[in-house]
Structures are given as C-alpha cells and as structure tokens.
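Hi,

Here is the structure I promised to pass on. Have a look at it first, and my notes follow below.

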Amino acid sequence: MAKKYSRSQYKKERNAKKDTRPKATLRNARVSTTKAAFVLDAIRGKDVETALGILLYNPRYASTLIEKLLKSAIANAENNNGMDPENLYIAECYANKGPTMKRVKPRAQGRAYRIEHRMSHITLVLDER
C-alpha cells in the first residue's frame, strides 16, 4: 500500500489551514475568567486605538493586563505580519479557565475554609480592516 503524501506535504497542508492572524496570549493571569470577560466584552470588535483608550480609563485590574497584551498583539502584527497598526481591530478576544491555587483560611472553633485563587488564560486575535 503506497503512501498518499510525504511527511513534508502533510506539514504544508497543515500550515495552509493554520490561522495567520496575529495574536497574543497571556497565560496564568491572576484574575478570574468572569472578571476578565467584563473588560474583554468592552473592547471586542473595536479598532485598536479605541480599545487602548477604553483600557486606559477602565478601573478594573484586568484592564491593565489586557492593555499590555493588546500592545504585544499590535507589535506582533507589525513586526511578524507587516500589518499597519492603524488598520487593525480586535477580531476575537476570550478568557479561558486556568489553574486554581487552593489555600486554607482558618475560621472559628478549629474549622478551616477553602479559598480558591482562580487564574485564566487570555487571548487576543487581531485582524486588518
């Protein structure tokens, strides 16, 4: 039985299907997914200049993390893909669940409560208009 493709042809085919839009990912961010989602909902679909303005004046902690991530995605688009930063907009942005740090807090009468510090993985995908 003959092979259908060589190994390099499989790689070429796989890379042809790959998404080439610039993106940036922040892993293990010390913010829960729901708190990050509030900020991501505010910037989804906006152009990058408007999104940076929103993030600059947003009082939430997650906005500082996402602002830094957006600047990284813009730099990726400019340097790796040769895109013009003025024509970029946020095509996709989402926060996935990350690991949880489990801690114990002492309570009255010898009991202990479990405290969970949640983390998330935040992803921004840019596209050109």
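Leaving aside neighbours within four places in sequence, S63 is in contact with V39, L55 and N58, where contact means heavy atoms within 4.5 Å. S63 is found in helix α4; helices here are DSSP runs of H or I with at least four residues, strands are runs of E with at least two, and both are numbered from the N terminus. The relative accessible area of S63 is 0%, so S63 is buried. For that term the cut-offs are under 20% relative accessible area for buried, over 50% for exposed and in between for partly exposed, with a 1.4 Å probe and protein chains only. S63 and A91 are 28 residues apart in sequence, and their C-alpha atoms are 18 Å apart in space.

Before going further, the ground rules. This is a predicted model, in which local features need pLDDT of at least 70 and side-chain atom pairs count only at pLDDT 80 or more, while totals for chains, interfaces and linings use all residues. Residues are numbered from 1 along each chain as its sequence is written, and side-chain values use heavy atoms, with hydrogens and water left out.

Back to α4. What should its 20 residues span, and how far apart are its end C-alpha atoms? At 1.5 Å a residue, α4 (residues 61-80) should span 28 Å, and the end C-alpha atoms are 29 Å apart, which agrees. The expected span is 1.5 Å times one less than the number of residues in the helix. Besides S63, the buried residues of α4 are A62, I66, E67, L69, L70, A73, I74 and A77. I'd keep the helix repeat in mind when you look at that list: an α-helix has 3.6 residues a turn, so residues three or four places apart point the same way. The buried residues of α4 pack against β1 (23-29), α2 (33-43), α3 (48-56), β2 (88-106) and β3 (112-128).

K68 also lies in helix α4, but K68 counts as exposed, at 65% relative accessibility. K68 and K23 are 45 residues apart in sequence and 13 Å apart in space, C-alpha to C-alpha. After α4 comes G82, with a positive phi near 65 degrees.

Now the sheet. There is an open sheet of 3 strands in the order β1-β3-β2, with antiparallel pairing. β1 and β2 stand at the edges with a single partner strand each, so one side of each is left without a neighbour in the sheet. From one strand to the next, the twist averages 10 degrees. Two strands count as paired if DSSP finds at least two bridges between them. β2 and β3 run antiparallel and are joined by 16 bridges; T100 stands opposite R118 in β3, and R103 has I115 in β3 as its bridge partner. β1 and β3 also run antiparallel, joined by 5 bridges, and K23 has V125 in β3 as its bridge partner. α2 lies across β2 and β3, running at about 165 degrees to β2. Axes are lines fitted to C-alpha atoms (for helices over the stretch in contact), and angles run from 0 to 180 degrees between N-to-C directions.

Which residues have a positive phi although they are not glycine? One of them is N28, at about 60 degrees, and Q109 also has a positive phi of about 60 degrees without being a glycine. Most residues other than glycine have a negative phi. N28 has its place in strand β1 and counts as partly exposed, at 40% relative accessibility. Q109 lies in the loop between β2 and β3, in a hairpin with 5 residues between the strands. Q109 is exposed, with a relative accessible area of 71%.

Last, the aromatics. A search of the whole structure finds 0 aromatic pairs, taking a pair as rings of Phe, Tyr and Trp (its six-membered ring) with centres within 6.5 Å; planes under 30 degrees apart would count as stacked, over 60 as edge-to-face and the rest as tilted. R129 does lie over the face of Y89, at 4.4 Å from the ring centre. The test there is NZ of Lys or CZ of Arg within 6 Å of the ring centre and within 35 degrees of the ring normal. Y10, in helix α1 (residues 7-17), counts as partly exposed at 44% relative accessibility. Leaving aside neighbours within four places in sequence, Y10 is in contact with K4 and Y5.

Cheers
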